[in-house]
Amino acid sequence: MQTPAFDADAHAQRMEADGYTIIEDFLGADQLARVRRALAPHLRSRHGRNAFEGFRTERVYTLVARGKVFEEMTEEPRILALLDRFLLPGYLLTASQAINIEPGEAAQGVHYDDAFYNLPRPRPAASLSVIVAIDDFTETNGATDILPGSHRWSDEEVTAFSLRPDAAAQLKPAVMPAGSAMVFQGHMLHRGGANRSDAPRLALTNQYCQPWGRTQENFFLGVPRELVRTMSPRLQALLGYSIWHPFMGHVTASHPLKTLDEAYRPPVLEDRVAD
């Protein structure tokens, strides 16, 4: 994937100040077409099971394993350059999905993505999120609503905001053209916007977490080993086939990459003693 000139420091400064930044030239027309072709077989099949997923929203999970174009986006150099500035070495991919918000979908509840990690605020981000606009994000079609600066809030400020009757009015839609990517800190408040238009709004999202965090998606079970073998070493590491110093992530005292060997057999099967 060709990488245009990119000022990672300037984008990181915006993320420090506001909680987010937008890369407007993230995908070109050819890449957008590849994404649409790769997603076409998976859309129009199922909707969310609850209000958070969205009853009129389609989600395609484990996206990283559904096409080369998604592999490329997951380890895209500009994204990694920003992740390197906010997360510890050895960070992991924690979620990878497409989100297609259809007309009539209501706004999602306001939340922050790394709330999974029960750590008191204010604090640094435990994860970073990337949302890539495949369709234009507009004020009416379900653009992600964000609350800039909320990544610096304490737990008490987050709670107080949630109790305000005008809370939703404080958010602003992240309007951006197709091909743009918004990168934001995992503790910035946001939500999927309501789609009041007459067309769906398609986006992709990857989330990355600190190397000590449990991932949302279990990629060890979700991505077959025969497919992982074909991926780049960087992507294999993002999926968890790596060690965080000194030994977090080992497999029976061995490096997890050894499990990708076609002849690999778990030692416990060899050593197990029958009762």
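Predicted model: local features only at pLDDT ≥ 70, side-chain atom pairs only at ≥ 80, totals over all residues.
1. The largest share, four residues, comes from S9. On a 1 Å grid over the protein atoms alone, a cavity is a set of points where a 1.4 Å probe fits but cannot get out, and lining residues have an atom within 4 Å of a point. Helices (H or I, at least four residues) and strands (E, at least two) are DSSP runs, numbered from the N terminus.

2. A word on ground rules: residues are numbered from 1 along each chain as its sequence is written. Local features need pLDDT of at least 70, side-chain atom pairs count only at pLDDT 80 or more, totals for chains, interfaces and linings use all residues, and side-chain values use heavy atoms, with hydrogens and water left out.

3. Back to the cavity, for which the count comes to one of 30 Å³ or more. The largest cavity holds about 90 Å³ of space, where a volume is the space filled by probe spheres set on the points, and grid points are joined across faces, edges and corners. Its lining divides into ten nonpolar, four polar and no charged residues. Here Ala, Val, Leu, Ile, Met, Phe, Trp, Tyr, Cys and Pro count as nonpolar, Asp, Glu, Lys and Arg as charged, and the others, Gly among them, as polar.

4. Next, the open spaces. The largest pocket has about 580 Å³ of space, a pocket being an open set with protein on both sides within 12 Å along at least five of seven lines. Of the 34 residues that line the largest pocket, Phe52, Arg59, Ile99, Gln108 and His111 are the closest to its centre. Strand S2 (57-61), strand S3 (92-101), S4, strand S8 (190-191) and S9 each supply at least two lining residues, and S9 gives the most, with five. By class, the lining has 14 nonpolar, 13 polar and seven charged residues.

5. The second largest pocket has about 450 Å³ of space. Its lining comprises 24 residues, of which Leu92, Gly213, Thr215, Phe220 and Gly240 lie nearest the centre. S3 and helix H6 (219-222) are the elements that give two or more residues to this lining, and H6 gives the most, with three. The lining residues divide into 14 nonpolar, eight polar and two charged.

6. Two strands pair if DSSP finds at least two bridges between them. Threonine 57 stands opposite isoleucine 101 in S3, while alanine 95 has glutamine 207 in S9 as its bridge partner.

7. On packing, the largest nonpolar core has 44 residues, and those with the most contacts inside it are Val35, Leu39, Val132 and Leu204. Helix H4 (residues 77-86) gives the most to this core, with five residues. A second, separate core of twelve residues includes Phe137, Met176, Met182 and Phe184. A nonpolar core is a set of buried Ala, Val, Leu, Ile, Met, Phe, Trp, Tyr and Cys residues joined through side-chain atoms within 4.5 Å. Leaving aside neighbours within four places in sequence, the contacts of leucine 204 (heavy atoms within 4.5 Å) include Val35, Leu39, Phe70, Met73 and Val132.

8. Finally, some backbone geometry to check by eye. Most residues other than glycine have a negative phi, and most peptide bonds are trans. A cis peptide bond joins arginine 121 and proline 122, with omega about 0°; proline 122 is found in the loop between S3 and S4. The peptide bond from histidine 245 to proline 246 is also cis, with omega near 5°.

9. Two positive phi values are worth a look as well. Threonine 62, in the loop between S2 and H3, has phi near 50° and is buried, with a relative accessible area of 16%. Alanine 253, in the loop between helix H8 (233-238) and helix H9 (267-271), has phi of about 70° and counts as exposed at 70% relative accessibility.

How values were computed:
Buried < 20%, exposed > 50% of the residue type's maximum accessible area, 1.4 Å probe, protein only.
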